[in-house]
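This briefing is meant to be read with the sequence and the model side by side.

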Amino acid sequence: DMIGRLAPGSTLQSAQAEMAGLMSQWAVTYPDHHVGHGLQMRSLIEEEVGSARPILLLLLGAVGIVLLIACANVTSLLLARGEERRREVAVRSALGASRGRILQHGMIESFLLAALGGILGLLLALVGVKGLVALEAGAIPRVEEIGLDLRVLGFTGLVILLTTGLAGLLPALREATRTSADSHREAGMRITAGGSTARFRRGLVVGEIAFSVLLVVGAGLLIRSFQKLLAEDPGFPTENLYFSSFSLPAADYSPEEAVVFFDQLVEGARALPGVRDATLMNRPPLLWADQSGRFHIEGREAAPSGPLCCLADPISVGRDFFETLGISAVSGRLFQAQDHNIESESVVIVDEAAVSRWWPDQDPLGQRIRMGSEEADWMTVVGVVENVTFDAPGEYWPHVYTP
């Protein structure tokens, strides 16, 4: 990864075009090594929060629609209340109250309503943000920075002023623009809302229904998408399966001490009441982006870009890994206890995606591969297992399992 700052006047598109030209030159200069490489430029903020931005914008849009529905409700209620206050307006007008004063009175009432709603919303946000942070499970970038600060308070104040204008301006204007004679005449008659007022209130109701339908349809689509994600087969049964991630500081443990620690950890977990089995792995399924690793198949030609021919994600697993997760062998065998001993012959298990890509017309059992470099030990393929989703649902990148 390389980080750079754009020069004044440059754009991301122009920089990408410039880098593409350099990449083309390098491909000509280094034809034996520069094969299949590429360079993609993205802004740092997109790199950090790109996956979360669409979800948060969708949530913001849904909340905005709810706010509009609430404003329409309050506006309708204020209009209805204004019809009931004709006598009060008539008296105040007769006593010399100006239109500006009547308008000011109506806007203050609307502002107080919006302010009380905003304060209540901030109190709920104090609880809601804590719940959101507790449930985010690593899906929200920079989650430690989430909280209520002066920017949130300023945004809330702006929303309060906006909702005051949306919900309170029209009812206040209708009260203020009535003439004194109109107010006296209407105050002395038992009549329903005027034609224009009734039409406007019906329009508000229609708008509320339209926004509500939009929200319901959007929520239904999201629920349907979530159901489809849950229905995706990750390659193993997920019921009663739990993951816990941790790291062991290398500075505090020698390799021998680390092996002892891992063995004791797994045995302790297996001894817990209600635990049927436990195992270790260096990358949990469904919760990790792919990490392409290079390997070489004995007898194959090396790639032009280096001594290794093939690509697959390497996964290191502990004892009884496949049995614990419920991953079945398609052919060959699973790892046995002796495979995890350092003195034993090095063996490896591949998945169906690796077979279809690197052994499409061959039986991989008995083939030998080595991972990472020419100095690595040869490992014999002893089994083929079902595909497991480590990344996006339904995407099966080739994987190589080592004990």
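How many helices and strands does the secondary structure of the protein come to? In this predicted model, the secondary structure comprises eleven helices and seven strands. The chain has 403 residues, of which 28% are buried, and the mean pLDDT is 82.

**Confidence**
- Helix α7 (residues 180-187) has the lowest mean pLDDT among the elements, at 51, whereas strand β4 (residues 347-351) has the highest, at 95.

**Contacts and surface**
- When contacts between residues at least 6 apart in sequence are considered, 69% of them join residues that are at least 24 apart.
- The protein exposes about 26000 Å², and 61% of that area is supplied by carbon and sulfur atoms.

**Aromatic pairs: Phe261 and Phe262**
- A search of the whole structure finds nine aromatic pairs, and one of them is formed by Phe261 and Phe262, whose ring centres are 5.8 Å apart.
- The planes of the Phe261 and Phe262 rings stand at 70°, and because an angle over 60 degrees counts as edge-to-face, this pair is classed as edge-to-face.
- Both members of the pair are partly exposed, Phe261 with a relative accessibility of 26% and Phe262 with a relative accessible area of 28%.
- Phe261 and Phe262 also belong to a cluster, linked by ring pairs, that includes Phe246 and Tyr253.

**Aromatic pairs: Phe295 and Trp358**
- The rings of Phe295 and Trp358 have centres 6.3 Å apart and planes at 90°, so this pair, too, is edge-to-face.
- Phe295 lies in strand β1 (residues 293-297) and Trp358 in helix α11 (residues 352-358), so the pair ties together parts that are 63 residues apart in sequence.
- Are these two residues buried or exposed? Phe295 has a relative accessibility of 0% and counts as buried, and Trp358, with a relative accessible area of 15%, is buried as well, because the cut-off for buried is under 20%.

**A charge over a ring**
- The charged end of Arg357 sits over the ring of Trp397, at 5.3 Å from the centre of that ring.

Terms used. Residues numbered from 1 in each chain as written. Predicted model: local features only at pLDDT ≥ 70, side-chain atom pairs only at ≥ 80, totals over all residues. Heavy atoms only, no water. Helix = DSSP H or I, 4+ residues; strand = E, 2+ residues; numbered from the N terminus. Buried < 20%, exposed > 50% of the residue type's maximum accessible area, 1.4 Å probe, protein only. Contact = heavy atoms within 4.5 Å. Areas by Shrake-Rupley, 256 points an atom, 1.4 Å probe, with all protein chains shown as cover. Phe/Tyr/Trp six-rings, centres within 6.5 Å; stacked < 30°, edge-to-face > 60°. Lys NZ or Arg CZ within 6 Å of the ring centre and 35° of its normal. pLDDT = per-residue confidence, 0-100.
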